[in-house]
Amino acid sequence: MSIPLSHIKQLFPIFHQHQKLIYLDNAATTQKPNLVIDTVHLFYELENANIHRGLYELSSEATQRYEAVRATVKNLIGAKSEHDIAFTKGTTESINIVAHSFLSLVNEGDNIVVSGMEHHANLIPWQQVCLKKKATLRIIPVNQDGDLVLEKLDPLMDGRTKLVAVTHISNTLGTINPIEKIIAKAHKKNIPVLVDAAQSAGHYPINVEDLDVDFLVFSAHKMFGPMGTGVLYTNKRHHPLIQPLNFGGGAIREVSFAETKFMDYPFCLEAGTPHVPGVLALGTAMEFIEQLDLHETSNHTYKLAMAFRNEIESLGFVQAVGNPKNSGSIVSFVVDGIHPHDVAGFLAEHQIAVRAGHHCTQPLHDSLGLAATVRASFSIYNSLNDVGKTIDALKDLKTFWS
Amino acid sequence: VSKLNKLYDDVIKRHNAEPYHFLMKPDPANSIRAYNPICGDRFDLFLELDKGTIRQIHFHGFGCAVSKSSTSVLAKTLEGKSMAEAKEICRQFLRLLKEEISSHEILASEEFKSFAVVREIPARYDCAALAWEETLKFLASAALAPRNS
């Protein structure tokens, strides 16, 4: 039995506190259900102890529960082993760990392929690797509809391509990319693929084994979990490649003044005291997600985004950015003659939370000839009523400015 | 008066709709880029200098109503001023965005008052301050550089 859609909103205490809040900034971070908040709170109140090496009960309990979350994550994304799962600070750190590890693989004249719709977090780390190693960053183009031009992918990949890094869902356009096709194309040429699942994990069913993806990264806070916690999934065939970004205690096998032997992946990455309540609450968020019918919820958020897209288009003075073939719960738009900040500021006065700016996809905005956009992103607790109120506010905005 | 009506008062609305000297006029010698990488607002200001005096200011670019009107007011106010005077006026405007100023103080322009509203809406401080901060930096460094006019 999954949680009925109509019961979902009441599980999120922020809406008790802010009853008029229409929260449409879910691509930036989702709200947190009670259970997730309680996990963090109760850990510090009742269970606080550092993990590993503590011989007393609180510490061994904390260790067990922390490690058990690896299995929860493994199950949710269909990984083979919980040892494929590393805990990080979030998507950005996960990508940086992989990029840092690729420094040892990439040489002068090599190339890395990314798409033209990447979040800066999946662009800059690769750009910097390429700059350091005199390699080339190659870009899969994006058309005006906001779809990747996949015919251009094959010619971009050659014997010197070390990796393809691509987002599952665009945080700006809402495009759902055909990652299974991209992975198949890349693997045909023996090129590994990193998928940025920041906008998709927890919202759409993902199975890393079926996809045969090499690296998958995401954050807890965009899937009802806490901030400051995320996941790096690495397929076993790449475990030896992954090198720690941070050195310190907890990640080592043997230390002398002359040298250090590190633990294997994933433990080599978790030096220092990790965000234990964050990881526990990530586990709770995943248990919450397991109680949802993801087909039903993703269909719900898609319908809201489509209703919003259709309604703004019919206003006449608002344009949606792109029109992807396959899209999710995100719609970015511009209002004729009114700057995105003035739009977002106006909506804020009506208790409607949206984001304005370049959403960390500045090159994408440049290629679309836009300096900034307004973004509405929907989640499981939003309703058609939220869409209607936002449309009404946009009509008021027009009157206010004319 | 709602917060919105206060933020977007007549001065800001007018300067946003019809900005002063809003024209691309590249003069690489004396151009100032006012750019906020967080929001993407970007204006280029083109100063025509003559013996330490600002003869004309044109500007062009993209930004919200607050940053655009604030840049427009800057262009209008600083024209005809000496660089030293202009620096003082920039400081006055930026101070006004942060704190109450005494009613006896003579403002370089009555229009400045409209921007004091950002004291109540801190999220919009950067919009109002953008061009003024960059212009102040330009004037401060120009004062150090040898005069070439």
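Trainee: Which residues of H12(A) meet residues of H14(A), and what makes this a contact?

Mentor: A:Asp342, A:Val343, A:Phe346 and A:Leu347 of H12(A) meet A:Thr390, A:Ala393, A:Leu394, A:Asp396, A:Leu397, A:Phe400 and A:Trp401 of H14(A), and this is called a contact because heavy atoms lie within 4.5 Å. The residues of this contact divide into 8 nonpolar, 1 polar and 2 charged (Ala, Val, Leu, Ile, Met, Phe, Trp, Tyr, Cys and Pro are nonpolar, Asp, Glu, Lys and Arg charged, the others, with Gly, polar). The model is predicted, so that local features need pLDDT of at least 70 and side-chain atom pairs pLDDT 80 or more, while totals for chains, interfaces and linings use all residues. Residues are numbered from 1 along each chain, chains are lettered from A and ligands numbered from 1 as written, and side-chain values use heavy atoms, without hydrogens and water.

Trainee: At what angle do the axes of H12(A) and H14(A) cross?

Mentor: The axes of H12(A), residues 340-349, and H14(A), residues 384-401, cross at roughly 120° and come within 10 Å (lines fitted to C-alpha atoms over the stretch in contact, with angles from 0 to 180 degrees between N-to-C directions; helices are DSSP runs, H or I, of at least four residues, and strands, E, of at least two).

Trainee: What makes the largest pocket a pocket, and what volume does it have?

Mentor: Its volume is about 1000 Å³, and it is called a pocket because its points form an open set with protein on both sides within 12 Å along at least five of seven lines, on a 1 Å grid, whereas in a cavity a 1.4 Å probe fits but cannot get out.

Trainee: Which elements line the largest pocket?

Mentor: H5, H12 and strand E14 of chain A, together with H1 and H5 of chain B, each give two or more residues to the lining of the largest pocket, and H12(A) has the largest share, 6 residues. A:His341, A:Val354, A:Arg355, A:Ala356 and A:Gly357 are the closest to its centre among 47 lining residues, and the lining has 21 nonpolar, 17 polar and 9 charged residues.

Trainee: How many cavities of 30 Å³ or more does the rule count?

Mentor: The count is 1 cavity of 30 Å³ or more, and the largest cavity has a volume of about 210 Å³. Of its 22 lining residues, A:Gln199, A:His203, A:Ser329, A:Phe378 and A:Ser379 lie nearest the centre, H11 of chain A supplies the largest share with 4 residues, and the lining divides into 9 nonpolar, 12 polar and 1 charged.

Technical notes. 1 Å grid on protein atoms, 1.4 Å probe; cavity = no way out; pocket = protein on both sides within 12 Å on 5 of 7 lines; lining within 4 Å. Points joined across faces, edges and corners; volume = space filled by probe spheres on them.
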